[in-house]
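Me: I would like to go through this structure with you, one question at a time.

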Amino acid sequence: MSKSFKLTLFSLSLQAKMSRPVQARRLEGIDKNIWVEFVKLATTYSKVNLGQGFPDFPAPDFLTEALTRVVSGGNHMLHQYTRAFGHPPLVKVLAQLFEKLLGRDLDPMTNVMVTVGAYQALFCCFQALVDEGDEVIIIEPFFDCYEPMVKMAGGTPVFVPLRPNPPKGGKLMSSADWQLDPTELASKFSERTKAIILNSPNNPLGKVFSCEELGLIAELCVKHDVLCISDEVYEWLVYDGKQHIRIASLQGMWDRTVIVGSAGKTFSATGWKVGWVVGPDRLLQHLRTVHQNSVYHCATIAQEAVAQGFQRELTLYGKPESYFVQLPKELQRKRDWLIQSLNAVGMKPIIPEGTYFLVADISPFKSDVPDVPNSDEPYDYRFVKWMVKNKGLAAIPLSAFYSEAHKNNYTNFIRFCFAKEDTTLKAANDILQKWKQEKTSS
């Protein structure tokens with residue numbers, strides 16, 4: 001091969017390199033993810049990880065036994081495709097359950113759709129219902145995927161924060177003390193508003209919205225003809241006698257609400273990735289279009305096992321032996337244990353009414369964490385990194401659940417997950433007790 005020919009090939013190879021941007025515009029500004037950085041930190045340094053929101057205790061025996069039966073049973077068709085929008089036994093039992101919960105008749109084929117976890121359910125909602133220029137109201141603090149998913153759909157997030165109202169008399173704050181300002185909320189609705197995202201019980205705060213708060217949201221949705229995407233994945237995890245109220249059951253809301261649910265949170269099996277949406281056909285028909293042109297189909301075996309789990313719970317509905325009754329009692333005990341441990345070391349826990357999560361005020365520790373010169377990193381980020389490296393305890397900074405405009409107002413809080421084995425919580429308590437001794441002796 002001649003030298004001139006080689007030079008020609010080299011010149012052509014340079015020209016062949018793409019000069020135009022390869023990244024789609026919809027991805028601009030949403031590439032960062034809190035979990036990538038903090039999961040790596042926890043894996044590297046932590047002795048106890050109370051950061052990520054998943055249980056480290058087993059799923060219930062009846063569920064794993066159902067999966068074993070499905071896998072080893074004689075129905076070989078359960079290893080093949082099932083109905084794209086949901087395995088018939090699963091959508092049927094979900095329709096039966098939600099008929100009880102909502103007090104209305106449901107068609108399992110048009111009012112229920114199964115998704116790859118609640119995450120895909122949310123993605124389908126935003127892609128199917130939000131258009132370029134639409135505004136979507138997000139209540140802060142919010143589960144972190146809401147904002148990028150709205151932006152990917154071409155929508156504009158509009159944020160409204162829950163504002164803390166500390167109780168008097170030195171009492172610990174509750175998640176109920178974080179409230180919407182009715183005037184501020186109403187001001188966010190306009191002719192451009194397409195939807196509002198409601199997350200009750202709320203991750204990360206653990207707030208369970210009251211009937212009065214839901215009524216206010218419902219009134220504004222009806223007045224402005226706005227949709228409601230209601231993320232209710234923690235619907236069975238409410239404590240202290242609180243009640244989870246489904247906004248779709250309020251007057252005027254069924255026809256404009258999509259309910260998002262999760263078998264992972266319901267049955268403590270987050271890795272199964274079985275979720276669903278429940279709502280009117282006029283909305284779900286558009287979600288089905290997104291689903292059939294993206295994921296198309298969810299794992300048949302997992303759907304069959306979840307269907308059997310729900311069939312058991314439907315039979316035991318309201319009875320003491322129901323998993324839906326037993327699990328929140330057990331998690332409330334774990335919650336109270338972690339509250340006591342955090343309170344002892346000097347943090348100020350905010351008592352959650354629901355979910356896996358507990359937020360704690362870390363403002364008394366300002367002097368413990370050294371400043372980083374010329375850093376614009378929020379205090380809660382620095383605190384969590386310092387805590388995992390120096391104490392071996394992992395958590396998540398609360399400001400990660402806020403918009404850029406508001407996150408600097410909430411940098412004195414961090415989030416813990418208490419849905420853990422007692423041995424894990426004891427190890428966390430041991431770390432906190434040692435920390436307390438060090439603080440006392442210093």
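Me: In what order do the four strands of the open sheet stand?

Reply: This is a predicted model, in which local features need pLDDT of at least 70 and side-chain atom pairs count only at pLDDT 80 or more, while totals for chains, interfaces and linings use all residues. Residues are numbered from 1 along each chain as its sequence is written, and side-chain values use heavy atoms, with hydrogens and water left out. Strands are DSSP runs of E with at least two residues, and helices are runs of H or I with at least four, numbered from the N terminus; two strands pair if DSSP finds at least two bridges between them. The pairing here is antiparallel, and the order is β11-β12-β15-β14.

Me: Which strands stand at the edges of the sheet?

Reply: Each edge strand has a single partner strand, so one side of each is left without a neighbour in the sheet. These strands are β11 (348-350) and β14 (396-397).

Me: Which residue in β15 is the bridge partner of Pro397?

Reply: β14 pairs with β15 (residues 413-417) in the antiparallel sense, over two bridges. In β15, the partner of Pro397 is Ile414.

Me: How are α4 and α11 oriented to each other, roughly parallel or roughly antiparallel?

Reply: Axes are lines fitted to C-alpha atoms, for helices over the stretch in contact (heavy atoms within 4.5 Å), and angles run from 0 to 180 degrees between N-to-C directions. The axes of α4 (residues 88-102) and α11 (residues 300-315) come within 8 Å and cross at roughly 30 degrees. Angles under 35 degrees count as roughly parallel, over 145 as roughly antiparallel, 65 to 115 as roughly perpendicular and the rest as oblique. The two helices are therefore roughly parallel.
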